[in-house]
Amino acid sequence: MQKKLLSGMRPTGNLHLGHLVGALDNWIKLQEKFECFYMVADWHALMSEYEDPKNIEKNSIEMLADWISCGIDPKRSTVFVQSHVKEHLELDMVFSCFVPLPLLERNPTYKEQLREMSGRNLMTYGFLGYPVLQASDILVYRAQVVPVGIDQAAHLELTREIARKFNNLYGKLFPEPETLLTATPKLLGIDNRKMSKSFRNFITLSDNPHTIKKSVMAMITDPKKIRLDDIGHPQVCTVCNYYKVFAPEMSDEIFSTCSEGKRGCIKCKEALTDILIQRLEPIRRKREKLLDDKAALTDILRKGNEKARDITSQTMSEVRKKVGIFHDL
Ligand code: TRP
């Protein structure tokens, strides 16, 4: 029997290159080794977008199209929508009864996000409980493996703590899931800052060749390298660092010719443009085709939700038995 694996993404906007190399590429490979559950975390999106949530549904469908066009196979993996598998919230309710408040208030990711998303009011009851719902997402499938980036490691620690606490209080039911840290190649935005929606400084999976070219041409290079024969410092150059991720076989040569003053930035950008277009164009086309038939996409989600419920309803029945609340009404 394959181990169960679960991960999710929040449908808050177009997926970009950071999602591709930081998560999706890995999700696709993991399909070979695990029984995978990939979740559209729309409740989690609502927690930060509640003032203007009208795009969550559209983003969810587009995100599914992104996933499939990159290589997630819905025949192999269960793809589903969090808000339509109601047991996630039932288990969240049970956990919320015993999770101590200070544990949530101390959570480093929580504190960081409050700081980062300063434009919105996230001092809410729901947002404080973000990691509790995330623990339910994972434990309601009794998933053993969760691939996430380092920014989510604290949430996984909390998930294990919640599993232990439940098991101690009511009897053993949940495994303590393992964090599968994604070796995320550090990919910054085109302005060499962290990719962020408020800077709009990234290339998305739906960008056409023209837009990709414009973005690459606008990338920040080594500010000290002005002419072709100036000596460059590729380690600080956004373009050079993209080569490391998207054309690793070329990057040694590029790093050395750049630092010897034998390579100009324009040429470097033109070649990177071609590499990115080659990588993204098939994805964009497939995505467009998929989005032509939204009914087929919703059908995939409907089937996924059903498969998910087969498992979650069983877990909730066990939970009810263990806790001692009605389970067969
Ligand atoms: N919090 C995750 C993120 O922002 C998304 C998420 C929600 C998730 N539930 C999950 C990831 C369960 C892994 C497992 O990226």
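In this predicted model, 13 residues of domain 1 make contact with nine residues of domain 2. Leu17, Ser69 and Leu187 stand out on the domain 1 side, where they supply 48% of the area that domain 1 buries against domain 2, more than any other three residues. Taken together, the two domains bury about 1,000 Å² between them, and 70% of this area lies on carbon and sulfur atoms.

The domain assignment of the protein builds domain 1 from two segments, 4–187 and 294–323, while domain 2 covers 209–288. The C-alpha centres of domain 1 and domain 2 are 34 Å apart.

Three salt bridges are found between domain 1 and domain 2. A salt bridge joins Asp66 to Arg287, with 2.5 Å between the closest N and O atoms.

Turning to secondary structure, helix 1 (17–30) and helix 3 (56–70) each supply at least two residues of the side of domain 1 that touches domain 2. Helix 3 gives the most to this side, with six residues. By residue class, the side of domain 1 that touches domain 2 comprises eight nonpolar, two polar and three charged residues.

Conventions: Residues numbered from 1 in each chain as written. Predicted model: local features only at pLDDT ≥ 70, side-chain atom pairs only at ≥ 80, totals over all residues. Heavy atoms only, no water. Domains from an automatic or database assignment. Contact = heavy atoms within 4.5 Å. Buried area = accessible area lost by both parts, 1.4 Å probe. Salt bridge = Lys/Arg side-chain N within 4 Å of Asp/Glu carboxyl O. Helix = DSSP H or I, 4+ residues; strand = E, 2+ residues; numbered from the N terminus. Nonpolar A, V, L, I, M, F, W, Y, C, P; charged D, E, K, R; others polar.
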